[in-house]
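Subject: Handing over a structure, with notes

Dear colleague,

I am passing on the structure below, and after it come my notes on what was found. Please read them with the model open beside you.

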Amino acid sequence: MNLFPDLKRRYTSEQLSAREAQRQAEFIAWGPIVFQVSRLMLKFGILELLRDSSDGLTETEVVEKTGLSQYAVKCLLEASLSIGTVLINTETDRYTISKTGWFLLNDPATKVNIDFNHDVNYLGWFNLEEALKEGRPAGLKHFGGWTTIYEGLSSLPKQVQDSWFGFDHFYSDSSFPEALRIVFAEHFVRSLYDVGGNTGKWALKCVEYDQDVEVTVLDLPQQIETMQKNIAGKQGEKRIKGYGINLLDKEAHFPKREGGLDAIWMSQFLDCFSPEEIVSILNRAKEVMTSDTRLFIMETFWDRQRFEPAALCLTMTSLYFTALANGNSKMYHSDDMRQFVLQSGLEIEAIYDGLGQGHSIMVCKLK
Ligand SMILES: C[S@@+](CC[C@H](N)C(=O)[O-])C[C@H]1O[C@@H](n2cnc3c(N)ncnc32)[C@H](O)[C@@H]1O
């Protein structure tokens, strides 16, 4: 298996002493409450208070500042000592924030992941076992009776939607500036299909970046409605069209474009599908491609991350797809995606790595 160096170092040899490994095992056993305590240390503002205090705070000072009971503060602070998000000075009994606490508070990726896990995934994780055995998103029942989360996206409760979109956009948004340069500066693109274009964020960026490009967003019909509302009144809106399509339907073909098509853009899209579905979608994309068309697949491949924590986020995200999203897709290893591309009869012209939060772009063309 190919792995970028930091992952190779961490994943191919034992890193912990026996005592550390035992502690790690307990950390896993208590994982759900480690998560909830830490989330509440953030929500109740305790970590922020500790960060902003010059020499830390006593338990009583935290009680006074938060309005929580002594009991609640004591439980949270003592558990946080064990979790490792706070430290205590045993001379003064003052608590301070630790490095881990600081990241929890200040790292935007961590904030997005906590909200995503609490609001979208937490109840559904309980049904992971069924989901893995049955290949269906058994945890989705907590929100509704859809077959996949995508059908229900526009009708999820507001806070769940906010956390879902916050997660999705956080990862793709930070890669868009560099991606625009790759797509438009290195290729001739006047027409582009944005497949799984969601709220139209990328489409808007394209029409803003290039005054001549015309974008068609392909997505589920209900998502196209949301997209159209979202782009209304924005710059370049007239050069964005919507096309409602369910690509799980093997008979659903990409619309033919008169005059040819320069680019097909799939950002964080193919990870929503199983290997067989991906090959089927790529085969249908191929039908509207000419030798000049380029297909850009932007994904966060877990093996191509510079730093291991990013790979951790991705291999864990795979289980969101299992339990909540559709039961059969994942964040893929780039070798898997390479296979799907080759199986569909396309070839890979180039791969760009290290965009934003760890995206890669695979540029594909007809063989
Ligand atoms: C994870 S989002 C990616 C959004 C956006 N491209 C980005 O990079 O942020 C996946 C998108 O694929 C769409 N999608 C999922 N299943 C689909 C299907 N069967 N047919 C068409 N679009 C689908 C979803 O509605 C959603 O907008």
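What percentage of the 367 residues of the protein chain count as buried? The share is 37%, where a residue is buried if 20 or more other C-beta atoms lie within 10 Å of its own, exposed if 12 or fewer, and partly exposed in between, the C-beta atoms being placed from the backbone.

Two remarks on the model come before the rest. This is a predicted model, in which local features need pLDDT of at least 70 and side-chain atom pairs count only at pLDDT 80 or more, while totals for chains, interfaces and linings use all residues. Residues are numbered from 1 along each chain as its sequence is written.

Overall form

The secondary structure of the protein chain comes to 17 helices and nine strands; helices (H or I, at least four residues) and strands (E, at least two) are DSSP runs, numbered from the N terminus. Along the principal axes, the C-alpha atoms of the protein chain fill a box of roughly 75 × 50 × 40 Å. The radius of gyration of the protein chain is 23 Å, which agrees with the value near 21 Å that a compact globule of 367 residues would have; this radius is taken over C-alpha atoms, and the globule rule is 2.2 Å times the number of residues to the power 0.38. Of the contacts in the protein chain between residues at least 6 apart in sequence, 67% join residues at least 24 apart, a contact being two residues whose C-beta atoms, placed from the backbone, lie within 7 Å.

Domains

The domain assignment of the protein chain gives domain 1 (5-106), domain 2 (108-167) and domain 3 (172-366), with bounds that come from an automatic or database domain assignment. The centres of domain 1 and domain 2, taken over C-alpha atoms, are separated by 26 Å, and four residues of domain 1 are in contact with four residues of domain 2. On the side of domain 1 that touches domain 2, the elements giving two or more residues are helix H3 (31-43) and helix H7 (99-106). By class, that side of domain 1 has three nonpolar, no polar and one charged residues, where Ala, Val, Leu, Ile, Met, Phe, Trp, Tyr, Cys and Pro count as nonpolar, Asp, Glu, Lys and Arg as charged, and the others, Gly among them, as polar.

The ligand and its surroundings

The ligand is surrounded by 19 residues, of which the closest are Tyr150, Ser172, Gly196, Asn198 and Ser267; a residue is near a molecule or strand if its C-beta atom, placed from the backbone, lies within 6 Å of it. This shell has eight nonpolar, nine polar and two charged residues, and its largest share, three residues, comes from helix H11 (residues 158-173).

Asn198 is found in the loop between strand E3 (191-195) and helix H13 (201-209). Its phi is near 60 degrees, a positive value in a residue other than glycine, and Asn198 counts as buried, with 25 C-beta neighbours inside 10 Å. Asp93 likewise has a positive phi, near 55 degrees, in a residue other than glycine. Asp93 is found in the loop between strand E1 (86-89) and strand E2 (94-97) and is exposed, with 12 other C-beta atoms within 10 Å.

Strands

Strand E6 (residues 263-267) and E7 pair in the parallel sense over five bridges, two strands being paired if DSSP finds at least two bridges between them. Six of the six residues of E7 are buried, so E7 is largely enclosed by the rest of the structure. Arg294, Phe296 and Met298 point one way from E7, and Leu295, Ile297 and Glu299 point the other way.

Strand E8 (residues 346-355) and strand E9 (residues 359-366) pair in the antiparallel sense over seven bridges, and Ile348 stands opposite Cys364 in E9. E8 and E9 form a hairpin with three residues between them, and Gly356 in the turn has a positive phi of about 45 degrees.

With best wishes
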